[in-house]
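Please look over the model first.

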Amino acid sequence: MMDLTQKQWVKHSVFHPFEGFEDLRWKKGGSVLYASIVILLWFVASILYNNAYGFQFYASTDKLFSIVPHIVQTIALFLVWVVGNWSICTLLEGEGTMKKIYIYSAYALIPYVVSLYVQTLLSHILIRDEAIFITCVSVIGLLWSVLLMFNAIKAVHQYSIAKTLLAIVLTIVAMLIILILLVLLVALFQQVYVFFSSIYTEITYRIRV
C-alpha cells in the first residue's frame, strides 16, 4: 500500500472497515490531532443534537443549558472507554497502546458523529411523515461505527474475532466499574468540601461574635 497523508488515513479507515485499521497499524498511521478533532466534533454534535434539533421531531423541555452533561456523555465517556479498554487488553496480552486505542476508537466514531450532524440538519428540512429517513441515517451511522469499532479493537490488539468480542464486553464492564468509582470519589469530595466549609463557617461566625 502506498503511503497516505493523515487525512487520507482517516478516509481509508472509515471506508475500508475490514482492512483499513490493519493497514493503519502496519503503516503506523493515525494522528492524535485528527482523533481529538473527531471527539471535539462529537461534543459539538451532541450539543446541536440536543438543543438545535427540529422542534417538529423533538421538543426540548430543558430551560437552562448546561455544558457538563455533554462533556460527560462524549469526552469523558470516550476517555473512560480508552482507559477501560487499555486496562483489560493489557491483561489479555493485547498489543495496542493507549495512544493507538485513542486514535483507532476516535476514527471508528466518525460515521456516528457525521450521522448526528445529518440528523440535526434533516430535522429542519423534512416533515414528520419523512422521519423514516432520519431513522435510516441514525441506524446506518450507528451500525457503521459499531463495525469500525470492532475492527479497530481487533486490529490494534491483534485479536481473533472471539477474543475481540470478549475484550469489548470486559471493557464495558470495566467502564461501569470506573464510572461507579468516579461517582463515589466525587461524592466523597463533596462531603469533604461540605465538612470543611461548615467548619470554616462556624469558626468565622464565632470570631465575629
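The model is predicted.

**Helix packing**

Two packed helices are described by the angle between their axes and the distance between the axes. Helix H4 (residues 68–91) and helix H8 (residues 161–208) pack at about 120°, and their axes lie 8 Å apart. That angle makes H4 oblique to H8. The crossing of H4 past H8 is right-handed. On the H4 side, the contact includes Leu77, Val80, Trp81 and Ile88. On the H8 side, it includes Ile168, Leu170, Met175 and Leu182. By class, the contact of H4 with H8 holds 14 nonpolar, three polar and no charged residues.

**Pockets**

| Pocket | Volume | Lining by class |
|---|---|---|
| Largest | about 400 Å³ | 13 nonpolar, one polar, no charged residues |

The largest pocket has about 400 Å³ of space. It is lined by 14 residues, and those closest to its centre are Trp81, Leu109, Ser145, Val146 and Met149. H4, helix H7 (131–157) and H8 each give two or more residues to this lining. H7 provides the largest share, five residues.

The second largest pocket is lined by residues including Trp42, Tyr49, Asn50, Gln73, Tyr112 and Ser138. Helix H3 (32–51), H4, helix H6 (110–122) and H7 each supply at least two residues of that lining. H3 gives the largest share, four residues.

Definitions and conventions
Residues numbered from 1 in each chain as written. Predicted model: local features only at pLDDT ≥ 70, side-chain atom pairs only at ≥ 80, totals over all residues. Heavy atoms only, no water. Axes fitted to C-alpha atoms, helices over the stretch in contact; angles between N-to-C directions. Parallel < 35°, antiparallel > 145°, perpendicular 65-115°, else oblique. Left-handed = near helix turned anticlockwise from the far one by under 90°. Contact = heavy atoms within 4.5 Å. Nonpolar A, V, L, I, M, F, W, Y, C, P; charged D, E, K, R; others polar. 1 Å grid on protein atoms, 1.4 Å probe; cavity = no way out; pocket = protein on both sides within 12 Å on 5 of 7 lines; lining within 4 Å. Points joined across faces, edges and corners; volume = space filled by probe spheres on them.
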